[in-house]
Each structure stands twice: as structure tokens, then as C-alpha cells.
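Here are some notes for a colleague who is reading this structure for the first time. Please keep the sequence and the 3D view side by side while going through the points.

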Amino acid sequence: MKKILLITAVAMCALLSYNGFARSRELSPRSRSVLSAGQPFASAIHALDDGLAMTPPMGWYPWNIFGEEPQNEKLIKEIVDALVSSGLKDAGYAFVGPDEGICFYRQADGRLATNLERYPSGLGGLGDYSHKKGLKYALYTDAGTRTCSTAMPGTKDHEFEDMRRFAEWRADYIKIDWCNTEGQDIVKTYTTLHDAQHAAGRPVVHSLCSWGEGYPWRWAAEVGHLWRTTADICAPGQADWARAMRMAYANEKLAAFAGPGHWNDPDMMIAGMPGISETQSRSFFSLWCLMAAPLIAGNDLRSMSEATVETLTNLEAIAIDQDPLGIQGKIVWTDGTISIWAGKPLFDGSQAALVFNQGRHPAEKRVAWPELGIDAEAACYVRNLWTHETSGPLTGGVTVGVAPDDVALIRVSTKKDFPLPPIMVADSYLVSLLTSGSAPEKLTGAITMTNKGSAELPLWRVGEGLPSWLSVTVAKNGNSQTFTNTVSSAGLKKGSYHAVVRADNTEPVSGKPMSALYYDVDLEVARDVSGQSK
Ligand code: GLA
């Protein structure tokens with residue numbers, strides 16, 4: 001296939017329009033003053049405005065295991081249910097939805113419409129299903145005239161209306177492919193798509209998918225949150241270990257370009273897919289965590305082995321990926337068979353590292369503290385993130401034994417405890433309220449966000465400028481915080497009202513901003529209460 005060859009403002013609007021969303025501050029103009037030291041080419045980080053993807057996105061996408069053909073509403077709903085029942089949701093996986101699964105077509109009036117044969121609830125209905133389960137909704141499209149298989153229309157010359165449609169379907173994440181784009185300027189195209197997303201008024205994680213074409217790491221932080229750095233990691237259905245390792249080595253070289261809100265994406269994961277062993281799955285997962293890669297699972301979640309679940313839900317490994325400093329680790333030593341991957345300081349002052357054995361025989365390798373940026377004399381504790389054992393204190397370094405294809409994934413600290421950064425899990429991302437009578441009513445709906453990490457979080461700060469019919473309070477309850485949404489129908493006309501609530505928080509140990517939290521509030525006013533006072 002060609003693609004493989006190519007190496008608050010208020011959002012209160014009757015009848016569901018999407019002209020804005022409640023946010024805690026106005027979007028600031030893109031400014032050169034936010035240029036970060038590790039970003040030689042990017043002039044501004046898009047995510048600093050919308051607060052999205054401050055740690056690498058986690059979720060599931062269908063392409064690796066299924067390809068196009070079996071994708072339909074039933075399958076995606078089964079996967080949504082499996083995300084919840086398997087424990088992946090509780091480990092932080094949130095974004096889920098169809099990839100190129102013949103989801104929509106273009107009508108004669110230019111608007112996209114759901115392929116109702118495959119998605120009978122409509123693409124909006126499928127999004128609501130995910131949101132109600134505390135998951136985020138991901139959709140797929142293409143920057144050219146058609147998607148890669150040519151089965152669906154691309155966004156070329158329809159950028160603004162298509163992004164409005166995705167906002168109506170309440171997508172939280174849009175992967176935009178680069179097939180059938182002959183003659184298009186890549187920077188201009190993805191910039192237009194960013195502008196179109198912004199104009200559509202719904203905050204969305206923008207995932208660029210040009211497989212490294214156009215060197216997106218040089219410029220895409222300004223218009224998106226992540227960009228593919230490599231070709232497809234496998235043909236649908238079968239993992240390819242050698243190919244995945246080539247992707248890892250290509251992506252590793254781009255470490256300087258990644259950071260909070262702007263990530264290198266070496267493609268969806270192959271962990272747990274046919275074609276690789278459990279050891280390889282664990283090593284693969286460790287490499288993706290060490291590289292702060294998006295953790296988008298690509299296996300069939302409905303039929304996972306226990307070992308795969310254990311791998312994908314290992315919070316100690318996920319903590320490396322989701323570290324608030326957002327630094328991508330890289331190779332610091334290799335002899336071509338054994339490699340040490342490090343350069344990954346973590347939020348609590350500890351360091352993550354891994355030793356990877358690509359040889360045929362078990363090997364021992366010493367990791368010296370200076371290779372991790374630690375003083376040789378320092379007495380350090382070593383946490384093995386797969387055996388969950390701590391050793392030490394040790395000075396100078398540590399020697400690890402590694403089986404073929406395996407890794408030793410470690411965290412090294414002068415302290416004995418190894419705290420987990422915030423890993424947020426929602427019980428729902430959608431509050432739906434319905435008034436019934438013609439007298440003013442007050443209704444409440446709550447959503448709860450739970451932190452699976454170890455630090456106690458400050459209260460989430462809700463954005464200003466909520467619509468007049470909505471107020472939100474936040475209360476703590478152990479590791480959870482509950483957002484109580486109170487709606488008041490006084491003075492409202494019959495109709496549908498919608499707002500997107502934004503909340504922000506700061507990780508208390510590092511002082512780094514956390515990913516902004518967004519959720520939808522729907523209010524259906526069944527009878528006119530516009531004559532009534534509050
Ligand atoms: C490209 C992308 C894949 C997948 C397919 C769909 O190859 O890189 O991840 O989305 O298109 O056709």
C-alpha cells in the first residue's frame with residue numbers, strides 16, 4: 001500500500017451548535033514566548049492553549065489487529081466494554097473509536113453522514129456510549145481527497161465543515177492520515193486542519209499521521225499533539241517484531257522533539273498481538289513507556305491472555321510513560337545486541353532506565369549511575385518495575401540479568417519510595433439532564449474522577465464563563481474528586497442546551513500542569529420556562 005511505501009466562553013446554544021466551549025481562559029495567540037529549549041523548530045506548543053495530552057494519550061485503536069473490514073458499531077462497543085471489564089480503563093486507557101472502518105460518506109450537500117449500516121446509532125451515538133462509560137471518543141479521517149483505502153472521503157477542501165461534523169459527533173481525538181494528498185503542502189494542510197478544529201469549538205487531540213513524511217517533529221507541535229514518526233508498525237492482524245524494533249530505533253533518535261502536549265508517535269502498540277511472545281510484548285511495552293510514546297493498544301481486548309493484561313495494566317511501567325516531566329528516553333549505550341535506554345528523569349527526582357537484550361543468549365549488564373545522570377557515589381534504591389521488587393541502597397551502579405528479547409525496566413532513586421504520578425480515571429464524561437415541567441427546575445448530575453497515582457491532588461479548578469444555566473462545584477473524597485453539575489431551567493426556552501466544562505490541575509510534586517479535563521453537559525428543556533424568573 002502507498003502509505004507503507006511512503007516511509008469560558010460559553011457553549012450554550014439551543015439545538016446543539018458548537019460555537020464555543022467553557023474554558024478557564026481565552027485561547028492565547030500562538031506566541032513565540034512559549035518556545036521550549038528542547039524544541040529547536042517548533043515555535044509554539046499548541047497544547048499550552050488547550051491543555052490536552054500533557055502526558056502521552058492512552059487508549060485503543062482497531063487498525064493493528066482488525067484492519068478495515070470487521071469494524072462496526074458492535075465491535076467498537078464490545079471493545080469499549082472490554083476496556084472497562086479488563087481493567088485497562090482503570091490503568092488510564094481512555095481514547096477509543098473506529099479507525100478507517102467505513103464510518104461515514106459525504107452527502108450531496110457536502111456534509112459528512114454516518115454509514116448507518118455499520119454504525120446504526122450514528123457516530124454521535126457511539127461517542128455518547130463511550131463517554132457514558134468514562135472513556136473518550138476517537139475518530140479517524142484523512143487530509144487528502146480520500147482515506148487510504150479510498151473507502152471514505154478525505155477532508156481536502158472540506159476541512160472546516162468536516163471538523164464541525166466531528167465536533168457534533170463529539171470526538172475528543174482525531175487521527176488524520178496523509179493518503180491521497182498529491183500536491184498538498186503538508187504544513188499548510190495540517191495547519192488548516194488545526195484552525196478548523198479550533199473554529200469548530202470542541203477541544204480535540206490532534207493526531208497527525210504522515211508516517212514521518214514532512215518531518216512533523218520539526219513543526220507539528222504548533223498544530224497538533226502527536227505525530228507518527230514511522231510507517232505502519234504491522235500489517236493488520238499480525239505483529240512483526242523486527243519491523244517494530246526498526247520503528248523503536250527510528251523513534252528513539254527523535255527524543256529531543258517530544259514533551260508535554262507534543263509527542264513522537266511510533267505507532268499503535270503490538271503488545272498482545274499474534275506473532276510475538278509474551279516476553280516480546282513486555283519488552284515492547286517497556287520501550288514505548290521509556291520513550292514516552294502514546295500508549296494506544298492495538299490488540300483484541302476481548303480475548304487477552306492474563307499475561308497481556310498484566311503487561312498493559314502495569315501501573316509502575318505506565319507511570320514512566322505518564323510522567324509529568326514528559327521527557328522521552330533514548331539509547332545511552334549499545335553494543336548492537338545489548339542496549340541501555342535512559343535519559344528519563346522523573347517527577348520525583350528518580351530516573352527510569354531499561355536494559356534490552358536483542359541477542360540469543362541471557363546476558364548480564366552493569367548500569368553505572370553516571371549513565372543515568374546520577375553521581376557514582378550516590379546510594380540508590382533500584383525498583384524492578386516488572387518484578388515489583390526494590391533493592392539497595394547501592395553505590396556505583398547495578399548489574400541486571402536479561403533473557404533474550406527481554407528487558408530489565410528499572411527506576412533508580414536516592415529515596416526508598418517510588419511514587420506514581422497522577423493517572424486519571426473517570427466514571428463518566430457525559431452529564432445528561434432533562435427537565436419535565438413548565439415550572440423552573442434545578443437538577444444535578446455528578447461525575448467522579450479518580451487518581452490511581454499516589455500523590456494527593458489539589459482540587460480541580462473549573463473554567464470560568466460557564467453558561468448561566470450551569471454551575472459546577474468540586475469536592476474531594478479520598479483519591480476521587482466529584483464534580484457536581486447543577487442546572488437550572490429558569491428562564492430557558494424549550495430546547496437542547498450543551499456545554500463543555502474544562503477543569504485544570506497541577507501535579508503537586510513537580511508543579512507541572514496536568515492534562516486539562518473536559519466533559520459534556522447536556523440539558524434538555526422539555527417545556528418553555530422562559531417566562532419564569534430564577
Ligand atoms: C494508514 C495509517 C494506519 C491506519 C490506516 C488506515 O496506513 O498509518 O494507522 O490508520 O492508514 O487505512
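**Notes on the cysteines and helix α5**

1. Cys148 is buried, having a relative accessible area of 14%, where buried means under 20% relative accessible area, exposed over 50% and partly exposed in between, computed with a 1.4 Å probe on protein chains only. Cys179 also counts as buried, at 2% relative accessibility.

2. Please read these values with the following in mind: this is a predicted model, in which local features need pLDDT of at least 70 and side-chain atom pairs count only at pLDDT 80 or more, while totals for chains, interfaces and linings use all residues. Residues are numbered from 1 along each chain as its sequence is written, and side-chain values use heavy atoms, with hydrogens and water left out.

3. A search of the whole structure finds 1 disulfide, a term that stands for a pair of cysteine sulfur atoms within 2.5 Å. This disulfide joins Cys148 to Cys179, with an S to S distance of 2.0 Å, and the link is right-handed, with 90 degrees about the S-S bond. Cys148 lies in the loop between β5 (136–142) and α6 (159–168), and Cys179 in the loop between β6 (173–177) and α7 (186–200), so the pair ties together parts that are 31 residues apart in sequence.

4. Cys289, by contrast, is in no disulfide, and the nearest cysteine sulfur, that of Cys234, is 18 Å away. Cys289 counts as buried at 0% relative accessibility, and Cys380 counts as buried at 0% as well.

5. In helix α5 (residues 122–132), the buried residues include Gly122, Leu123, Leu126 and His131; helices (H or I, at least four residues) and strands (E, at least two) are DSSP runs, numbered from the N terminus. Just after α5, Gly134 takes a positive phi of about 80 degrees.
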